Number of protein chains: 2
Amino acid sequence: MGYYPEKVEKLIEKLVKFPGIGPRSAERIVHHILREDEDVVNSLAENLISVKRDVHLCKKCFNLSEGDLCNICRDERRENILCIVEEIKDLILIEKAGFKGIYHVLGGTISPLDKITPEKLTIPQLIERLKKEALTEVIIATNPTTEGQNTAEYISGILKELGIKHSRLRCGLPVGSEIEYVGTPTLKKALEDRKVL
Amino acid sequence: MGYYPEKVEKLIEKLVKFPGIGPRSAERIVHHILREDEDVVNSLAENLISVKRDVHLCKKCFNLSEGDLCNICRDERRENILCIVEEIKDLILIEKAGFKGIYHVLGGTISPLDKITPEKLTIPQLIERLKKEALTEVIIATNPTTEGQNTAEYISGILKELGIKHSRLRCGLPVGSEIEYVGTPTLKKALEDRKVL
């Protein structure tokens, strides 16, 4: 407190509110900024403002987008397989894994204790899409956590009613892992679901 | 590449250039920004610009400062003990350790191989200060590395010529450490310099 000039202290205060930035890395970032060219810092500041101002959620799938529809929803070469994810960061990871279909971002998981009902998520919009779009398959890619599993089961119920073919991401040993360090629930799944060769 | 809207990709590109921010944390920071209020993001951007514009180096000790002289150099209650450090971050750490004197920030260490001569650092300005200011003691607080040690010896030579009392930070076992995990050079120093009880 008070070791730096006031403006620097304020900047550090703001930076530590970001995920993964502690007081030490906030200080390192400030030192880096002070060494950088003024142009670079100004352009970073403008970029921050413009991302916040111009980047919104896609009206269809709730991915990030600069227009009404995101790059993926506008891409006509995409397959009619819908992948349902909890968060945008999951969508990005599945894109990086090479998925060629389309997405629906829920914005979280159903959690009655936290008063997060299906209506608080994008599940009403999902149901609209399921009724309207001609999908060959739906992949429920929520996390293999209790909340993710409960949400998957809720959505599976809807899909069964609508008679739409659907699947869930497979659980098992992480590639490159060692059995010694994998938890018992994972090992149990890997055993139960063992792949016949 | 191309998974996010262009403005988001650009922002991530800029963020990963900062120390301690990898691609993953840059993405987490962007997601955080997108969830934050526009006011908060704008104020962060302004703060970045103003720090870069208004924070400079103190004309006397080369600490960070919003005016010509930093808060420490302007504080008349400070003792006339001068602590010489490599970088501003070292000054802050020594402040936090409770030091009540004044400082001189070298801006690095002497390194002939990297063409860093004493003139590339703030050593000429240090010599001016040593001649002018009435100091009771000088503490050389460069790091206990080869470069820090060489720089300390160079400065010690100057101080001897000027007949000024000076000292160096003591090396030994870190408080709370375990001998098992401390390196041999540290242990050797701790043994040689053992404190008689």
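Visitor: What share of the 197 residues in chain A is buried?

Guide: Buried residues account for 43% of chain A. Keep in mind that this is a predicted model.

Visitor: How does the radius of gyration of chain A sit next to that of a compact globule of 197 residues?

Guide: A compact globule of that length would come out near 16 Å, but chain A has 22 Å. The C-alpha trace of chain A spans about 65 × 45 × 35 Å along its principal axes.

Visitor: OK, and how many helices and strands are there in chain A?

Guide: Chain A has 8 helices and 6 strands. In sequence order the pattern reads α-α-α-β-β-α-β-α-β-α-β-α-β-α.

Visitor: What about contacts in chain A, how many of them join residues at least 24 apart?

Guide: If you take contacts between residues at least 6 apart in sequence, 42% of them join residues at least 24 apart.

Visitor: And the accessible surface of chain A, what does that come to?

Guide: About 11900 Å², with 53% of it belonging to carbon and sulfur atoms.

Visitor: Switching topic: what rotation superposes chain B on chain A?

Guide: A rotation of 180° with 0.1 Å of shift along the axis does it, at an RMSD of 0.1 Å. That is how a two-fold axis relates copies.

Visitor: Which residue of chain B comes closest to the rotation axis?

Guide: That's A45(B), whose C-alpha is 2.2 Å from the axis.

Visitor: Why say the copies meet through the same surface?

Guide: Because 100% of the interface residues of chain B are also interface residues in chain A.

Visitor: Let's zoom in on α7 of chain B. How many residues does it have, and how far does it reach?

Guide: α7(B) covers residues 146-162, so to speak 17 residues. From first C-alpha to last it reaches 25 Å, close to the 24 Å expected at 1.5 Å a residue.

Visitor: Which residues of α7(B) are buried?

Guide: G148(B), T151(B), A152(B), I155(B), S156(B), I158(B) and L159(B). Looking down the axis of α7(B), these buried residues fall within an arc of 160°, so they line one face of the helix.

Visitor: What do those buried residues pack against?

Guide: Four elements of chain B: β3 (81-85), α6 (123-132), β5 (137-140) and β6 (166-168).

Visitor: And which residues are exposed on the other side of α7(B)?

Guide: T146(B), K160(B) and E161(B).

Visitor: Last one: what follows α7(B)?

Guide: G163(B) does, and its phi is positive, near 65°.

Conventions
Residues are numbered from 1 along each chain as its sequence is written. Chains are lettered from A and ligands numbered from 1 in the order in which they are written. This is a predicted model: local features need pLDDT of at least 70, side-chain atom pairs count only at pLDDT 80 or more; totals for chains, interfaces and linings use all residues. Side-chain values use heavy atoms; hydrogens and water are left out. Helices (H or I, at least four residues) and strands (E, at least two) are DSSP runs, numbered from the N terminus. The expected span of a helix is 1.5 Å times one less than its number of residues. Buried means under 20% relative accessible area, exposed over 50%, partly exposed in between (1.4 Å probe, protein chains only). The arc is that of the directions from the helix axis to the C-beta atoms. Contact means heavy atoms within 4.5 Å. Copies are superposed by least squares on the C-alpha atoms of residues with pLDDT of at least 70 in both. The radius of gyration is taken over C-alpha atoms; the globule rule is 2.2 Å times the number of residues to the power 0.38. Accessible areas come from the Shrake-Rupley method with a 1.4 Å probe; for residues, only the protein chains shown count as cover.
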